[in-house]
Amino acid sequence: MATAAEAVAMRRAVALAARGLGFTSPNPVVGCVILDATGASAGEGYHQQAGGPHAEVHALRAAGEKARGGTAVVTLEPCNHTGRTGPCAQALLDAGIARVVYAVDDPTPDATGGAATLRAAGVDVEPGLLAEEAETVNAAWLTSVRTGRPHVTWKYAATLDGRIAAADGSSRWISSAASRADVHRLRAECDAVVVGSGTQRADDPHLAVRGALLSDGADGADGVVQPLRVVVDTHGTAVRPGARVLDDAAPTLVAVAEGVEPLPGVDTVHLPYADQHADAAHLPYVERVPRAAGNGTDASAPSGRSGQQGADDEEDRLEHRFTASGGAYRAQRRPAAPAERPAPTGTPGGLDIDALLAELHARGVRSVLLEGGPTLAGAFVAAGAVDRVIGYLAPTLLGAGPAALSGGGITTLTEALRLDVRECVALGPDLRITATVAGPGTKEH
Ligand SMILES: Nc1nc(O)c(N)c(N[C@@H]2O[C@H](COP(=O)(O)O)[C@@H](O)[C@H]2O)n1
């Protein structure tokens, strides 16, 4: 049973781990506190960047001789492998640590086994202390190891009546300056920021971190690892030469459909359309995603958008066009009855979200901040690829205008994606609500 001092130390270790957010991919964030033999804090450290010393090594260095006979309190099971650095289990043994308290097992086949090695050498090992907190701070890495795709946070800003723009399309600014600054902190903690073509076209966003308020309270974007800026520009029509995302403030990737001509000099990836995904096309919808119908945007569900609204997605406009022409480009949509299944037109819609996430994962991206717009968010929801939702709610009413989420394939209440609220914070005049998707919303690949 862990002591009160160990619980305090683990809380501190979780806070230390958070300092690594945005810096350690593709590695985890890890914090460690060394208690001396009397239970007093003797040293602490955190994993600062991939390839650098692990948290335990930093903490052992800080503790020096005081580590002998002491306890290591660490957010992740000490690693047991020689990768870019040596095994932490051995480093703890060499330092004479008598007890190890850790929060979460290391799920990687290469590095796991530290607990067993330590026990075999006579060290008292206790797993599981504050596991939920340690899982939360390390959600990106744990999700990517367990599912093979990056962890996805969908972020939006809306009025209290759920609108992201007014009926005329005007949308700047719905949330307060405090909320917008907070978004830069989120960007700084993520490996990639993703938007759709409508957002690209309407806002010409920059998507880099500016003036971020970092978790340690420091102001400014100095030292931040800029996230990869990703524009899902299916038809290759939204990112034009001179777009702000093409400046050199951060790297940029444009995702387009196969056959689309890339812009010269722009890092471009060609991806399949959602409804051409080879391993999914034959599957009945319910087998693929338990809670949400469709594997992309919903062609026929009301989007709640005004006809003149141009603020968000090119895909939104295509959606209306295809619907108006009676076409169905969503092979994965759940038909209400066979007789209602619309005939395919052969005109595809958005890109395959699984393929996009696989591409990002292969590029070392472990955490994605999905910033817009509602159709792209709907495609992610429909693909079961949203892990966390952060909504900035402004105390404002609009009464008309587009909703934060369009489609998502949810047609009836029993298919609703239920979330667990993790946090509610007042930010200036706004409210920031953080919720996580429970259970089957996160689809394993
Ligand atoms: N226990 C622990 N503490 C840290 O500070 C860590 N960074 C890790 N990481 C584990 O080791 C793997 C990465 O090692 P190298 O990049 O080769 O040094 C990572 O996949 C984790 O399993 N563990």
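Two remarks on conventions come first. Residues are numbered from 1 along each chain as its sequence is written. As the model is predicted, local features need pLDDT of at least 70 and side-chain atom pairs count only at pLDDT 80 or more, while totals for chains, interfaces and linings use all residues.

I begin with the domain record. In an unreviewed entry, UniProt lists residues 4-126 under "domain: CMP/dCMP-type deaminase". UniProt positions are given here in the numbering of this model, feature names are shortened, and annotations may be inferred rather than shown by experiment. Over residues 4-126 the chain is 31% helix and 21% strand, where helices (H or I, at least four residues) and strands (E, at least two) are DSSP runs, numbered from the N terminus. The end C-alpha atoms of that stretch are 14 Å apart.

Next, the ligand. Which residues come nearest to the ligand? Of the 19 residues around the ligand, they are Val30, His47, His54, Gly83 and Ala111; a residue is near a molecule or strand if its C-beta atom, placed from the backbone, lies within 6 Å of it. The shell divides into 9 nonpolar, 7 polar and 3 charged residues. In that division Ala, Val, Leu, Ile, Met, Phe, Trp, Tyr, Cys and Pro count as nonpolar, Asp, Glu, Lys and Arg as charged, and the others, Gly among them, as polar.

I turn to the backbone. The peptide bond from Ser25 to Pro26 is cis, with omega near 10°, and Pro26 lies in the loop between helix H1 (4-18) and strand S1 (31-35). Another cis peptide bond joins Arg172 and Trp173, with omega about -15°; Trp173 is in the loop between S6 and helix H7 (177-189).

Helix H6 (residues 139-147) deserves a word. Its buried residues include Ala140, Trp141, Leu142, Thr143 and Ser144. Those buried residues pack against helix H5 (131-137), strand S6 (151-159), helix H11 (353-362) and strand S11 (367-372). Trp141 counts as buried because it has 24 C-beta neighbours inside 10 Å. Leaving aside residues up to four places away in sequence, Trp141 touches Pro28, Val29 and Arg366; two residues are in contact if their C-beta atoms, placed from the backbone, lie within 7 Å. Trp141 and Pro28 are 113 residues apart along the chain, yet their C-alpha atoms are separated by 5.3 Å. After H6 comes Gly148, whose phi is positive, near 80°.

Finally, the sheet. It is an open sheet of 9 strands with mixed pairing, in the order S10-S9-S8-S7-S11-S6-S12-S14-S13; two strands pair if DSSP finds at least two bridges between them. Strand S10 (268-271) and strand S13 (419-427) stand at the edges with a single partner strand each, so one side of each is left without a neighbour in the sheet. From one strand to the next, the twist averages 20°.

S6 and S11 run parallel and are joined by 4 bridges, with Thr153 opposite Leu369 in S11. S7 also pairs with S11 in the parallel sense, over 4 bridges, and Val193 stands opposite Leu369. On S8, S7 pairs in the parallel sense over 5 bridges, and the bridge partner of Val193 is Arg229.

How many residues of S7 are buried? The count is 5 of its 5 residues. Ala192, Val194 and Gly196 are buried on one side, and Val193 and Val195 on the other. In general, the side chains of a regular strand alternate between the two faces of the sheet.

Terms used
A residue is buried if 20 or more other C-beta atoms lie within 10 Å of its own, exposed if 12 or fewer, and partly exposed in between; C-beta atoms are placed from the backbone. Axes are lines fitted to C-alpha atoms, for helices over the stretch in contact, and angles run from 0 to 180 degrees between N-to-C directions.
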